[in-house]
Amino acid sequence: MGAAEPQDAAATDEYGIPVIPEPVDAASRKRQAIIDAALTEFLAEGYSAASMDAITQRSGVSKATIYKHFGSKERLFLAVIGGVLPKTYADLEPSNSTLADAPDLRAALVRLTTDWARILLRPDIMSLRRLVIGEIDRFPQLGQLWYRVSYDMNNGPLVEAFTELHARGALHVPDPKLAVQQLVAATVGVPQLVRTFSPEAEIDEAELARMITSGVDLFLAGYGHGRG
């Protein structure tokens, strides 16, 4: 396609992912329609099989307009997936102060990791996760962004909470960052791994509770000075 590079082509974040402003006028609303249509197409077909014609049809915007806004299919993919990743974690910001002050640490950890798991197992987030994993070699910056966003919104606050609990003597956590990774792997990571590679796998509430509580108990057996 011989279309000219879009005017805002240089507007990228630290990962090299195009920064797309929020829609405020007719042109921006067209851009949002393109983003919505592209996200649907990319999630359904992956990057390689996704059709720009299908995106054009879904968005109701001409192909020339799509190229005017995004320049190429590659930039469109990066902009769309890079833009949606932080939003998927909007409900996953734990309160480190609440956890550190919880009267029953075990119950608080079970509740926190159960809430995480329920959100992360949502079909839309699982589809996005599979898409990024499938394209990680072609678009490593998306993997880097995913890790950074998940750390900032999830792991980071827990590291702070565990550091405080260690200082109080409520936990023995000499390496809080490693401890958080182990907690996540033993709880949220178990059902997430199952659902990543077996999308149709059934994980009911009882099974989820068993996975989560077992993981929390394993964590506290290694790091806890008690259950309170």
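Analyst: Here is a quick tour, from the overall fold to helix packing. Note that this is a predicted model.

User: How many helices and strands does the protein have?

Analyst: The protein comes to 11 helices and 0 strands. Read along the sequence, the pattern is α-α-α-α-α-α-α-α-α-α-α.

User: And what share of the residues is buried?

Analyst: Buried residues make up 45% of the 228 residues.

User: Which residues touch the most other members of the largest nonpolar core?

Analyst: That core has 66 residues. Phe42, Leu76, Ile81, Leu99, Leu109, Phe162 and Phe219 touch the most other members. Helix H8, residues 140–168, gives the largest share of this core, with 10 residues.

User: Pick one. What does Leu99 touch?

Analyst: Leaving out residues up to four places away in sequence, Leu99 touches Leu105, Ala108, Leu109, Leu112, Leu158, Ala161 and Phe162.

User: Let's move to packing. At what angle do H8 and H9 pack?

Analyst: About 115°, with their axes 9 Å apart. H9 covers residues 176–186. The cut-off for roughly perpendicular is 65 to 115 degrees. H8 and H9 are therefore roughly perpendicular to each other.

User: Is that crossing left-handed or right-handed?

Analyst: H8 passes H9 in a right-handed crossing. On the H8 side, the contact is made by Tyr147, Tyr151, Asn155, Leu158, Val159, Phe162 and Thr163. H9 brings Pro176, Lys177, Ala179, Val180, Gln181, Leu183 and Val184.

User: How many of those are nonpolar, polar and charged?

Analyst: The contact of H8 with H9 has 10 nonpolar, 3 polar and 1 charged.

User: Now H4 and H7. How far apart are their axes?

Analyst: 11 Å, and the two helices pack at an angle of about 135°. That makes H4 oblique to H7. Their crossing is left-handed.

User: Which residues make the contact?

Analyst: From H4, Phe77, Ile81, Val84, Leu85 and Thr88. From H7, Ile125, Leu128, Leu131 and Val132. They divide into 8 nonpolar, 1 polar and no charged.

User: Last topic, H3. Which of its residues are buried?

Analyst: H3 runs over residues 63–70, and Thr65, Ile66, Tyr67, His69 and Phe70 are buried.

User: What follows H3?

Analyst: Gly71 does, and its phi is positive, near 85°.

Definitions and conventions. Residues are numbered from 1 along each chain as its sequence is written. This is a predicted model: local features need pLDDT of at least 70, side-chain atom pairs count only at pLDDT 80 or more; totals for chains, interfaces and linings use all residues. Side-chain values use heavy atoms; hydrogens and water are left out. A nonpolar core is a set of buried Ala, Val, Leu, Ile, Met, Phe, Trp, Tyr and Cys residues joined through side-chain atoms within 4.5 Å. Buried means under 20% relative accessible area, exposed over 50%, partly exposed in between (1.4 Å probe, protein chains only). Helices (H or I, at least four residues) and strands (E, at least two) are DSSP runs, numbered from the N terminus. Contact means heavy atoms within 4.5 Å. Axes are lines fitted to C-alpha atoms, for helices over the stretch in contact, and angles run from 0 to 180 degrees between N-to-C directions. Angles under 35 degrees count as roughly parallel, over 145 as roughly antiparallel, 65 to 115 as roughly perpendicular and the rest as oblique. A crossing is left-handed if the near helix is turned anticlockwise from the far one by less than a right angle, and right-handed if clockwise. Ala, Val, Leu, Ile, Met, Phe, Trp, Tyr, Cys and Pro count as nonpolar, Asp, Glu, Lys and Arg as charged, and the others, Gly among them, as polar.
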